[in-house]
Amino acid sequence: MEEKTIQIAGSITVDELAKALGLSVTQLIGELFKNGIVATINQRLDFETASIIIDELGFTNVKLEKKTTTSQTTNIRRELSDKAVTRPPVVAVMGHVDHGKTTLLDTLLHKKTVDKEAGGITQHISAYQLKHGDRLITFLDTPGHEAFAAIRQHGAMLTDIVIIVVAADDGVKPQTIEAINFAKSANAKIIVAINKIDREGADINRTMADLSQHGLQPEEWGGDIIMVPISAKMNKNLDQLLDMILLTADIEELKADVSVPAEGLVIESHMETGRGSVVNLLVTSGELKTGEFIVAGSTYGKVRTMLDWQGKPKGKATPSTPVTITGFKELPSFGDRFIEVSDEKTARKMALLNAQAIANESASANVTSNDLLRMMNVADNSKVFNVIVKGDVLGSVTSVVDSLKMIDTKGEITLNIVSTGVGDVSENDVYMAAGGDTIIYGFNVSVPINISKIAARDGVPIRTYRVIYELLDDAKHEMENLLDAEIIEEDKGEMKVLGVFRTEKTSIIAGGEVLKGDVKPSYLARVIHDKKYLGEAEVTSVQKEKLDVKELVAGETGGLALKTDNKIALEVGDRLQFFTREAKKRTL
């Protein structure tokens, strides 16, 4: 049969795949449905998913090829006018947990945040500005724990320069490599801060060698990566690090227009009693002022108040400036692009159009290979882990949900996110969870006393955490409780039956010689007649010379009392194979 090649650039719709395979759309959708996948004609399938489907359908003559496309990042980059002005660099600080990136920022900004963070780990993206000489630098402190990969990737996409902090006494770690990859995917310039050079065991050259193995070649060794040895704790060489940031910014010629409508990105958002929606923004172009209307995703608002990163009132924000504003009608999503518009009518219309576009995109969203495998497993898997996730900010909720999805259940358990939201656990959350074996997880939120009482009355478990890996440990434990136990059988011995003294419906009295191993009360026994399995019994007592004993061992003869569920016709010459059976709890 002639081989056929199908080229896929990123993804392919069900309709396009059906035509390429020579099937009708209904036929392909029907085949997908048989595999537990409910798909529409415009549903998009990624490369891996299409490969799985083609294999499932038995098309051995079809070969898939990936079309190469020009990669793009989510950075906001507009064409600059000749009036564009120099702007401060936006710098993300990344690195492995405990390598000192938050301590670095604390020292630079003369403040103390590490003790406030649960478990000493950064939980959200925080934006700061400092002045070095007469110039501003904007810093993003991105979470270091592996569970916050989603936030950290957004952090990389927001930035011009990534400072990768590596401890000189610990070297390159998995999250270091992850940070390098994020920075490269965002086309950001990389500067390495080799931290903790004051510690015993610190080895700068070894750390540089480790980094060069991952594509970061130091300038000292003929490469293009600036590496600055520092001690964040001792405030050593930090001015040199800031100099290198500004030098890199000068080389990159970072500019932005200010005489254009303001736009930028949503860094964080949460609800606050008395203030409503509180949103952290990073302005990328234009000047954002109080009183202006802005649109972000499917929501809009009028900038009612604006504060700088220190909580001081601010009248306007220029490019590369992080601000906290109030005034959005609803919470915008983490990573949403915002833009200034002329009036409320325009803002409302644009938000509505965005909402419709998001709904349409959701209806024909890409199906990934992970989604496909999960949907295929749902058909055969009745074990579902239902959760409601509440968090203090949208970024936290995103990371908790993404991290829950990353728990490998080997396809045996389906994670069902019943609902997510920002803010304290509410009565509505409890009502949604009631009667559905649903756990409510709260991250950095509270549970009002009246809500706790309602939850206790309805038997709804609510668990709140301030450290994400503790929440994930709990969820993993709950998932393990849903797994079927592993049955472990261990052979113990064998007996040849020499006499059968009494046989009743549920009990047998017999005697014999132990050929190997031993036999004890509570052992189970397989009854074998001429190599044929007759049934199973439980040893209830063991006798030797008409006295009860704890065991019989190989070479001894004695009597047994056996308990059975069904009558077994035991005969002289049959074999009893003794074993134990244990149900062992499985782990993920």
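The buried residues of helix H1 are Val-14, Asp-15, Leu-17, Ala-18, Ala-20 and Leu-21, where buried means under 20% relative accessible area, exposed over 50% and partly exposed in between, with a 1.4 Å probe and protein chains only. Because 6 of the 8 residues of H1 (residues 14-21) are buried, this helix is largely enclosed by the rest of the structure. Just after H1, Gly-22 takes a positive phi of about 75°. Helices (H or I, at least four residues) and strands (E, at least two) are DSSP runs, numbered from the N terminus.

A word on the model: it is predicted, with local features needing pLDDT of at least 70 and side-chain atom pairs counting only at pLDDT 80 or more, while totals for chains, interfaces and linings use all residues. Residues are numbered from 1 along each chain as its sequence is written, and side-chain values use heavy atoms, leaving out hydrogens and water.

Let's turn to an open sheet. Its 4 strands follow the order E23-E22-E24-E25 with parallel pairing; two strands pair if DSSP finds at least two bridges between them. Strand E23 (414-422) and strand E25 (462-465) stand at the edges with a single partner strand each, so one side of each is left without a neighbour in the sheet. From one strand to the next, the twist averages 25°.

Two helices meet this sheet. Helix H11 (residues 394-405) lies across strand E22 (384-391), E23 and E24, and runs at about 175° to E23. Helix H14 (residues 468-482) packs on the sheet too, touching E22, E23, E24 and E25, and its direction makes about 170° with that of E24. Contact here means heavy atoms within 4.5 Å; axes are lines fitted to C-alpha atoms, for helices over the stretch in contact, and angles run from 0 to 180 degrees between N-to-C directions.

Next comes strand E28 (residues 524-529): 5 of its 6 residues are buried, so E28 is largely enclosed by the rest of the structure. E28 runs antiparallel to strand E29 (residues 532-544) and also to strand E33 (residues 575-584). In the hairpin of E28 and E29, 2 residues lie between the strands, and Asp-530 takes a positive phi near 50°.

Here are the strand pairs side by side:

| Strand pair | Bridges | Direction | Residues standing opposite |
|---|---|---|---|
| E24 (residues 438-443) and E25 | 4 bridges | parallel | Gly-442 and Thr-464 |
| E28 and E29 | 6 bridges | antiparallel | Val-527 and Gly-535 |
| E28 and E33 | 5 bridges | antiparallel | Ile-528 and Arg-575 |
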